[in-house]
Amino acid sequence: MRNLITDVPGLKVGNAQDDRLKSGVTVLVPDEAATASVSILGGAPGTRDTTLLEPEYTAGQIDALVLSGGSAFGLDAASGVQAGLAAMGRGFAIGPARVPLVPAAILFDLLNGGDKDWGETNPYAALGREALASAGETFALGTSGAGTGATTATFKGGLGSASARLANGAVIGALVAVNALGSATMGDTPHFWAAPFERDGEFGGLGLPSEAPGADAIRTKFNAARPGANTTIGIVATDLALDKAALKRLAIMTHDGYARALWPSHTALDGDLVFALSTGRVPLREEMAETIEAGALAAAVMSRAIARAVHAATPAPGDTLPVWSQSFGGRP
């Protein structure tokens, strides 16, 4: 186990970024078309092809999922991924034609200090294709891919991932780009809200503070954030054989991980979204018990991935916010 979403057998992740832009793209690619659904609880989402993931619609499986910076411009990243997949011969077959299905979600990173003057050539399609070409079982966290230009109320955000194993041997993994209105840490302390779920010191091992910060200190942090420049977008994946309806419920339960790791979450100014995907390789034996366990574990794994994203962020020229690792007098 690498503590990455690619611990789910049959998944690969690729990143591409432009440091001048302070933005990038992350793509999750299953070896074979996979079943997926989505839950959107934020008030300001930006998406492509998410309606087809609802259980009542015909499309059964997708070929990739894309997380991108760039606000609405970043939706073009899915076009680059789609073109790359088509060149590989992948896609939904309709007679001799194949149409790769590539749902996508974006975050707003246009005011993070990067140079967004790209003229008439939107860079995100090329970044999407580059991310697809780089897909593998290992990938960078923090200031990478869709997390390159991400921010939170207090520190730079980033790209995070984590995984865990269910009692039946199936694997749950999370991948998330954290660009939240709120904060992943408690007030002015270095302690992460996700601390109760941490494993093996994966985001600093500081645990909980001896005394929680007051509500006034926390409130000041999120009120000071830039309105409209937010969104946390993520993916939870498993090899447990779940249909679209069960994956919809898994995505909903995974949002609890957002609420546990970010203060606040699901606001009117966040586009908070979770894709849920299954490769279907591990059959259900006790359907209700196993799906409930999967949802509970998915929320914990997502909260860990969010904290890892902020913990792993690295500084870059022109940053508008500090990184966690350089704060608090040299703490790890």
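Visitor: Which residues form one aromatic cluster?
Guide: F73, W118 and Y124 do. Note that this is a predicted model.

Visitor: How are the rings of F73 and W118 arranged, and what is the angle between the planes?
Guide: The pair is edge-to-face, with 80° between the planes and 5.1 Å centre to centre.

Visitor: What does that pair tie together?
Guide: F73 sits in the loop between β5 (65-68) and α1 (77-87), and W118 in the loop between β8 (104-106) and α2 (124-133), so the pair links parts that are 45 residues apart in sequence.

Visitor: Is W118 buried or exposed?
Guide: W118 counts as buried, at 16% relative accessibility. F73 is partly exposed, with a relative accessible area of 41%.

Visitor: How many aromatic pairs does a search of the whole structure find?
Guide: Five. One of them is F73 with W118.

Visitor: What about F192 and W324, how far apart are the ring centres?
Guide: The centres are 5.3 Å apart and the planes are at 35°, so this pair is tilted. F192 lies in the loop between β10 (171-179) and α3 (215-223), while W324 is in the segment after α5 (287-312), so the pair ties together parts 132 residues apart in sequence.

Visitor: Are those two buried or exposed?
Guide: F192 and W324 are both buried.

Visitor: Changing topic: which residues make a nonpolar surface patch?
Guide: F92, I94 and V99 make one of about 270 Å².

Visitor: Where does I94 lie?
Guide: I94 is in strand β6, residues 92-94. Its relative accessible area is 51%, and I94 is exposed because the cut-off for that label is over 50%.

Conventions. Residues are numbered from 1 along each chain as its sequence is written. This is a predicted model: local features need pLDDT of at least 70, side-chain atom pairs count only at pLDDT 80 or more; totals for chains, interfaces and linings use all residues. Side-chain values use heavy atoms; hydrogens and water are left out. Rings of Phe, Tyr and Trp (its six-membered ring) pair if their centres lie within 6.5 Å; planes under 30 degrees apart count as stacked, over 60 as edge-to-face and the rest as tilted. Helices (H or I, at least four residues) and strands (E, at least two) are DSSP runs, numbered from the N terminus. Buried means under 20% relative accessible area, exposed over 50%, partly exposed in between (1.4 Å probe, protein chains only). Patches are made of residues with over 30% relative accessible area and no salt bridge: like charges are joined within 9 Å, nonpolar side chains (Val, Leu, Ile, Met, Phe, Trp, Tyr) within 5 Å. Accessible areas come from the Shrake-Rupley method with a 1.4 Å probe; for residues, only the protein chains shown count as cover. A salt bridge is a side-chain nitrogen of Lys or Arg within 4 Å of a carboxyl oxygen of Asp or Glu.
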